[in-house]
Amino acid sequence: MDSAPTTTHANTQLAARVSAATASVRSARAEHLVHRALGYAAMAGIVVIIGLPVLWLLTGAVKTNREIFSPVVQWLPANPTLDNFGRAWQAAPFDRYYINSIITTLAGGLAEVIMAITTAYALVYVRFPKRDWVFALLLVALMVPEEVVIVPNYLTVANWGLVNTYAGIVLPGASIAFGTFLLRQYFRTIPVDLTDAARVDGAGHVRAMLSIVVPIAAPAVATTAMLSFVAKWNEYLWPLIVTTTQEFRTLPIGLRWLLDQEGNTEWGVVMAATLFVVAPVIVVFLYAQRFLVSGIAAGAVKG
Amino acid sequence: MKSPPNNQNLIGRIRRDWREWLTFVLLAGPNLGLFVIFTYAPMLNNVLLSFQEYDLIRSTGTWVGLTNFQTVFNSSQTGRILLNTLVFTVASVGGVLLLGLFGGLLLNQPLRGRNAARSILFSPFIISGAAIAIVWIYIFDPRFGLLYTILKWLGLTSPNWLGDPNWALLAVIIVYIWRNLGYATVIYIAGLQAIPADLYEAARVDGAGLWARMRHVTLPGLAPVVFFLIVTSILSSFQAFDLINVMTRGGPANATNTLIYHLYEMAFINLSVGRAAVIALALFGLMFIVTLLQLRYLERRVTYA
């Protein structure tokens, strides 16, 4: 008789506690769900803010003038047209711009990659008195941005008669401090025994570099190469200064001149031309993004 | 009688040393040679040019003492340009760092699709600045641009972004932040992932809530990355030329004229080489200070880490 109420009491207490526990689990779960929902909403928001201009570019390139100048916004063109691409190609010598961009990007990018590898190799593996001074000189170069020396460099290139030539576009930017620095850091993590063994076997420096160091450092070399090539493709200030005729303009420069010619009136054509410049980089990025992103992030965190 | 073998050893060693040195010169020489011609020599040349009145057509200079410095520092334009540069740098670096932190914290959460979101965020960073500028001119178009549409939808009228001196600098800053946000996000994520998980665990055991963990674990853990981002962002904002050149050419009425644009304008539009050299020196001085801060910091990290 005595026990009944106590049991009941204990039971209610237990029940209360259980229900409180479930409630707290439920509320924690609810809180968790709210957090997740907020997270997804914020993520969607960010993607829209970054993505909308890209969508505006893509749709603009396939809109007709009527859709572009329509008072009611056309998010997706009703009748996508490819005319703009043909007209953009006609409006400026884009074939020539492509050739110029490809030549200067390949030449400038390759020069950077090769010199980054050879210089970093020399700094790590080749004996030389005052090697540290050479390294210090590179650090100094790292501190002088290209923009600061454009005026004297223009005078040099003009004196050599290299205005409006590929050499004029490529040479001043062909040397590389940052990539050399990155590769040097990476090479230093490779065990010296590996290269020593090869050298004892009679391999020269060049062979040790190409058959041992570069393959081991392949990820770092690839990141450096990607950064170099993308930077060369997008380079703006120097090619703008050192080209005065259409024949040697690269894509970004040609695009700017097209804007002067067609901007405000022919947005479809201008957007199509913009895609000429952007598309190759986007394609490369889709293939190599993880690589590129992780390379850049590693440089920052370890730096 | 023992000297011949010794001599041969010595000769052999010298020969080996020479081969080694020659290899070094061949491997590192081209890179350094280009730096001598296109970086070190022009730095000196810049100093010399700043004391000259240079004739581009005859390519000869005459010494004019401090005239160029006086002209640049007494020009009423200079104050405006320095102010623009300051506003542009502070606003764009601040915007990139704060919004990037938000992006980094968000995309470090276990959300489905976050990798795709990271890539989308990062993509503007690798696109040509000229192309970005052109797309945004179309977006800013006050008659049928994207922003006009959105603002109208919100019941607001669109300013004449790039044509109005009160709005143009803000417009360029918006584009700059849009372009660099993803870079900061990626760096922040790398920094967040470098914070040891035990620290969070320990904080949780101590009963630290979300905000306390943020204040006492996340933000201190991110300090090195924040410092790196501040330095690199300041340096790259000083170099932001392509956006300004394509979108506004420093206008309207100098509203978006920054040091880097002014340098270009002075040298290649006004053809005033000496004064351009003065501006280049000023730009270099500012960037040098920022870089020194970075080096000092790196040194400290190396010493105490």
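This section describes selected local features of chains A and B in a predicted model.

Local features need pLDDT of at least 70 and side-chain atom pairs count only at pLDDT 80 or more, whereas totals for chains, interfaces and linings use all residues; side-chain values use heavy atoms, with hydrogens and water left out. Residues are numbered from 1 along each chain as its sequence is written, and chains are lettered from A in the order in which they are written.

The structure holds 7 salt bridges over all chains, a salt bridge being a side-chain nitrogen of Lys or Arg within 4 Å of a carboxyl oxygen of Asp or Glu. In chain A, A:E266 pairs with A:R87, and the closest N and O atoms are 2.6 Å apart. This pair links distant parts of the chain, 179 residues apart: A:R87 belongs to helix α3 (residues 83–91) and A:E266 to the loop between α13 (251–262) and α14 (267–302). Helices (H or I, at least four residues) and strands (E, at least two) are DSSP runs, numbered from the N terminus. A:E266 is buried at 18% relative accessibility, while A:R87 is partly exposed at 38%; buried means under 20% relative accessible area, exposed over 50% and partly exposed in between, with a 1.4 Å probe and protein chains only.

In chain B, a salt bridge joins B:R179 and B:D242 with an N to O distance of 3.6 Å. B:R179 lies in helix α7 (residues 168–193) and B:D242 in helix α10, so the pair ties together parts that are 63 residues apart in sequence. Both partners are buried, B:R179 at 15% and B:D242 at 13%. Another salt bridge connects B:D141 and B:R143 at 3.2 Å, N to O; B:D141 is buried at 3%, and B:R143 is partly exposed at 45%.

Helix α4 (residues 94–125) of chain A contains A:S101, which is buried with a relative accessible area of 1%. A polar atom of the A:S101 side chain lies 2.9 Å from the backbone nitrogen of A:L251. Beyond its neighbours within four places in sequence, A:S101 is in contact (heavy atoms within 4.5 Å) with A:W233, A:T250, A:L251 and A:P252. Also in helix α4 of chain A is A:I114, partly exposed at 49%. In helix α11 (residues 218–234) of chain A, A:A220 is buried at 14%. Its contacts, not counting residues up to four places away in sequence, are A:L183 and A:Y186. A:A220 and A:Y186 are 34 residues apart in sequence, with a C-alpha to C-alpha distance of 7.1 Å.

Strands β1 (residues 52–55) and β2 (residues 60–63) of chain B were also examined. β1(B) and β2(B) pair in the antiparallel sense over 4 bridges, pairing requiring that DSSP finds at least two bridges between two strands. B:D55 has B:T60 as its bridge partner in β2(B). In a regular strand the side chains alternate between the two faces of the sheet. In β1(B), B:Q52 and B:Y54 form the covered face, and B:E53 and B:D55 the uncovered one. The hairpin has 4 residues between the strands, and B:S59 takes a positive phi near 40°.

Positive phi values also occur elsewhere in chain B. B:N254, in the loop between α10 (242–247) and α11 (259–268), has phi near 65° and is partly exposed at 23%. B:L271, in the loop between α11 and α12 (273–304), has phi near 55° and is partly exposed at 48%.

Terms used:
Polar contact = N/O pair within 3.5 Å; in protein donor to acceptor, adjacent residues only side chain to side chain.
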